[in-house]
Amino acid sequence: MNRKPNIILFLLDDLGYGDISCLNKNSKVDTKNIDALAGDGITFTDSHSCSAVCTPSRYGILTGRYAWRSELKAGVLPGPAPALIEEGRATIGTMLRSAGYNTAAVGKWHLGMDWATKGGWKAPKTYAELDPEDPMEGIDYDKPIMNGPNTRGFDYFFGMPGSLDQPPLVYIENDRVLTKPDHVAGIKGWQPHKPGEYTADYICYGPVAADYDVQRAVPDMHNKVLDLVDKYADDDKPFFIYSPTPAVHGPLVPTDEFAGKSKIGPYGDMILMVDDFIGKLETKLKNLGIADNTIIIFTSDNGCAPIVDIPMLVREYGHNSSHIFRGCKFDIWEGGHRVPLIVKWPEMIKPGASSDKCVCLTDLFSTIAEVVGYDYGDAAGEDSVSMLPLWKGGGIETREATVHHSGKGMYSIRKGSWKLELCAGSGGVSYPAEGKDDLSKLAPVQLYDLSNDIGEQENLYGKRPDIVKELKDLLASYVIAGRSTPGSQQRNFSKPGVWPGLHWMNL
């Protein structure tokens, strides 16, 4: 190996485990290029995002730290929210920049940034603080944005502040808005994730730039990634491209080239757009002669979103985005946070490899550090465990346990095959079938043995108090220590007593 490997981290938005044909033989979407990527690398069948929703998953990936240790205890950030990643906190970007990499982020940031404001306007930190009547006229688009990706480890940024349905709908390059909004669109009192609402105007109320076209947003981001690969290929420095694509988050508006191509509706069409990009990326790396020394990491930030109308896809097409798992995005159940994870690195990983060991996307931080030989010290990557032994073909569990977090801030801990969920119901949107559950009549705690009950149907809470106590105590120790890995105690953002979801702790 002549130099450190290039790294491309491609993060899908709301892609379900069951949407990939190499992971789900019953998938009605033929993801041939993603399948080929898996055939050339390693596939993880028990991989998890640290949260069942977007913002905290991204925080966890970039910092190697569970996002509930930050200011964000539940939910996601609205589009104009201030920066979430704390100033001075190590990220994969800062790590690789220090290790001599060109670093770039392209796509959906959704981790907040500090907008210049006027007239005393204050950016909302949560959706609860977002006034549904507010057109965000207090944002000053003529001034640079502070504490965005450029200050969190990325030399270059091109993308959007949030999701495809989160104004302000503008393109940002580095710390500047490229074209200012010239009109306001969207729905006042908008309710996100309403099943079947695919249309381009199904967005939160707010400002939109004159040149913004929701149908072009995904290909624009993908094309920028390909351009950067061309730019960096001949550089003496290796490159890291973090590519959090806006696909396949709603509104589901595929380009004309892909509309109708999947035969299961706009959701499947957008998955095919992503699959096509993966094929183009692979081809470019090969043509540039850098494929062997480039790591491609393909994953998703959480499970499939309810906007795609999962019951309809199952009923009409026989396609289940959550595969055999219960729940979907937002939920504490497996469908909320079990995600595809495929890694290709020809110089290290054997083709066609597979691992059934439980891993978390927070582990990418420590793994990449080990790949490049970077020592990040004690006060970083507090919930990250290197997967590199598994990449190399090892078969030993790398994690002691994994903490899951739902959209409403509920907690779960998984150790071995045992999974303890410290809430009644889904801890999220309770969709689809669970919407009719009366939470007051459900057990306040759920315990499942995934080795016998992967669908999480038989609650063993009352039968194994020993396991409940063991896992509760372990999770409590992770909360109090500020970390789940060995090392000195670290500070969480606030005292556990004010957190939602920690009602089970004896504080």
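Two strands pair if DSSP finds at least two bridges between them. Helices (H or I, at least four residues) and strands (E, at least two) are DSSP runs, numbered from the N terminus. By these rules, ten strands form an open sheet with mixed pairing, in the order β7-β6-β5-β4-β10-β1-β11-β12-β2-β13. This is a predicted model: local features need pLDDT of at least 70, side-chain atom pairs count only at pLDDT 80 or more, and totals for chains, interfaces and linings use all residues. Residues are numbered from 1 along each chain as its sequence is written, and side-chain values use heavy atoms, with hydrogens and water left out.

**The ten-stranded sheet**

- β7 (176-177) and β13 (353-355) are the edge strands, and each pairs on one side only.
- Strand β11 (residues 294-300) pairs with strand β12 (residues 341-344) in the antiparallel sense, over four bridges.
- Within that pairing, I296 has K344 in β12 as its bridge partner.
- Helix α1 (residues 32-39) lies across β2 (42-44), β11 and β12, and runs at about 60° to β12.
- Contact here means heavy atoms within 4.5 Å.
- Axes are lines fitted to C-alpha atoms, for helices over the stretch in contact, and angles run from 0 to 180 degrees between N-to-C directions.

**The four-stranded sheet**

- A further open sheet has four strands in the order β15-β16-β17-β18, with antiparallel pairing.
- β15 (402-405) and β18 (446-449) stand at its edges with a single partner strand each, so one side of each has no neighbour in the sheet.
- From one strand to the next, the twist averages 15°.
- β15 and strand β16 (residues 411-415) are joined by four bridges in the antiparallel sense.
- H404 has S412 in β16 as its bridge partner.
- Helix α10 (residues 465-481) lies across β15, β16, β17 (418-421) and β18, at about 110° to β16.

- Two packed helices are described by the angle between their axes and the distance between the axes.
- Angles under 35 degrees count as roughly parallel, over 145 as roughly antiparallel, 65 to 115 as roughly perpendicular and the rest as oblique.
- The axes of α1 and helix α5 (residues 266-287) come within 7 Å and cross at roughly 50°.
- α1 and α5 are therefore oblique to each other.
- On the α1 side, K32, N33, I34 and L37 meet D275, D276, I278, G279 and E282 of α5.
- This contact of α1 with α5 has three nonpolar, two polar and four charged residues.
- Ala, Val, Leu, Ile, Met, Phe, Trp, Tyr, Cys and Pro count as nonpolar, Asp, Glu, Lys and Arg as charged, and the others, Gly among them, as polar.
- Helix α4 (residues 214-233) packs with α5 at an angle of about 10°, with the axes 11 Å apart.
- α4 and α5 are therefore roughly parallel to each other.
- V218, P219, H222, V225, L226, V229 and D230 in α4 meet M270, M273, V274, F277, K280, L281, K284 and L285 in α5.
- The contact of α4 with α5 divides into eleven nonpolar, one polar and three charged residues.

**Pocket and cavity**

- On a 1 Å grid over the protein atoms alone, a cavity is a set of points where a 1.4 Å probe fits but cannot get out; a pocket is an open set with protein on both sides within 12 Å along at least five of seven lines; lining residues have an atom within 4 Å of a point.
- Grid points are joined across faces, edges and corners, and a volume is the space filled by probe spheres set on the points.
- The largest pocket holds about 550 Å³ of space.
- It is lined by 32 residues, of which A74, G75, V76, L77 and Y127 are the closest to its centre.
- The pocket lining divides into 16 nonpolar, nine polar and seven charged residues.
- The structure has one cavity of 30 Å³ or more.
- The largest cavity has a volume of about 40 Å³.
- Its lining is L77, P78, G79, A81, H110, L111, G112, M113, P161 and G162.
- By class, the cavity lining has six nonpolar, four polar and no charged residues.

**Backbone details**

- H110 sits in the loop between β4 (102-108) and β5 (156-160).
- H110 has phi near 55°, a positive value in a residue other than glycine.
- The A247 to V248 peptide bond is cis, with omega near 10°.
- The G250 to P251 peptide bond is also cis, with omega near 0°.
- V248 is in the loop between β10 (239-244) and α5, and P251 lies in the loop between β10 and α5.
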